[in-house]
Amino acid sequence: MELGQSMDRMGAHPFIMGDVAPDLNHPMRPKAVRHPEAAGWKAGDDEMPDHMFDETNITWRTLDWLPHIAFFVYKVDEENRIVDVVFKFAANQRVMLHRHKSPYVTLVMQGELRFYRQDGTHKETRPTGSYVSGVANGEPHLEGGGEEDAIVFFSNRNIEDALYEFLDDAGNPVQVLGIADFKAQLEDQIATGTFDKVTARAA
């Protein structure tokens, strides 16, 4: 079924209370792990910690008119106007110029998400683990993966109708994806059994 036919950081140490110095050996003291070797892994060991997102159970969907991106719909809540989607952005590519039409939050789960201005200049890079809130009707932009495919969770909130408005190079709207489009995709995922793969199973 084709989509789109419709037009912080903490400042003070979290365990310091007043003038009391923290116990550096406390079992609850957070430990930063920046590299597998810091976690005890050494070259030659049988297994290295896997940093890639396991997408085995996700059956990615694509659109003929929208290259360099795939998606899977997790939730469409029409009453509360929420759509949750995971996107996979192709490495070293840019998705068509667009504008977000509803507020949203993103969580980068693999790779890095790169943002570009309408003129193509690089604006921002969001690394793995970054959590960002965005507003509706922001600046048009392009986005894509870095050196590897970027997998990013998007939760779109307070949707009036449209989620994404796609634009041509001159900034004119050429395609709109709305809540009804994503609902149709979710229904097709359920009908074809692909949604069952990501559904929790009773113990």
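Visitor: How do the residues lining the largest pocket divide by type?
Guide: Four are nonpolar, five polar and four charged (nonpolar: Ala, Val, Leu, Ile, Met, Phe, Trp, Tyr, Cys, Pro; charged: Asp, Glu, Lys, Arg; polar: the others, Gly among them). This is a predicted model, with local features needing pLDDT of at least 70 and side-chain atom pairs 80 or more, while totals for chains, interfaces and linings use all residues. Numbering runs from 1 along each chain as its sequence is written, and side-chain values use heavy atoms, without hydrogens or water.

Visitor: Which element gives the largest share of that lining?
Guide: β7, with three residues. Strands here are DSSP E runs of at least two residues, and helices H or I runs of at least four, numbered from the N terminus.

Visitor: Switching to α1. What end-to-end span should it have?
Guide: Helix α1 covers residues 179–192, and at 1.5 Å a residue its 14 residues should span 20 Å (1.5 Å times one less than the number of residues). The end C-alpha atoms are 20 Å apart, so the two agree.

Visitor: Which of its residues are buried?
Guide: In α1, Ile-179, Asp-181, Phe-182, Gln-185, Leu-186, Asp-188 and Gln-189 are buried, meaning under 20% relative accessible area with a 1.4 Å probe, protein chains only.

Visitor: And what do they pack against?
Guide: β1, β2, β3, β11 and β12, with contact meaning heavy atoms within 4.5 Å.

Visitor: What follows the helix?
Guide: Gly-193 comes after α1, and its phi is positive, near 85°.

How values were computed. Buried < 20%, exposed > 50% of the residue type's maximum accessible area, 1.4 Å probe, protein only.
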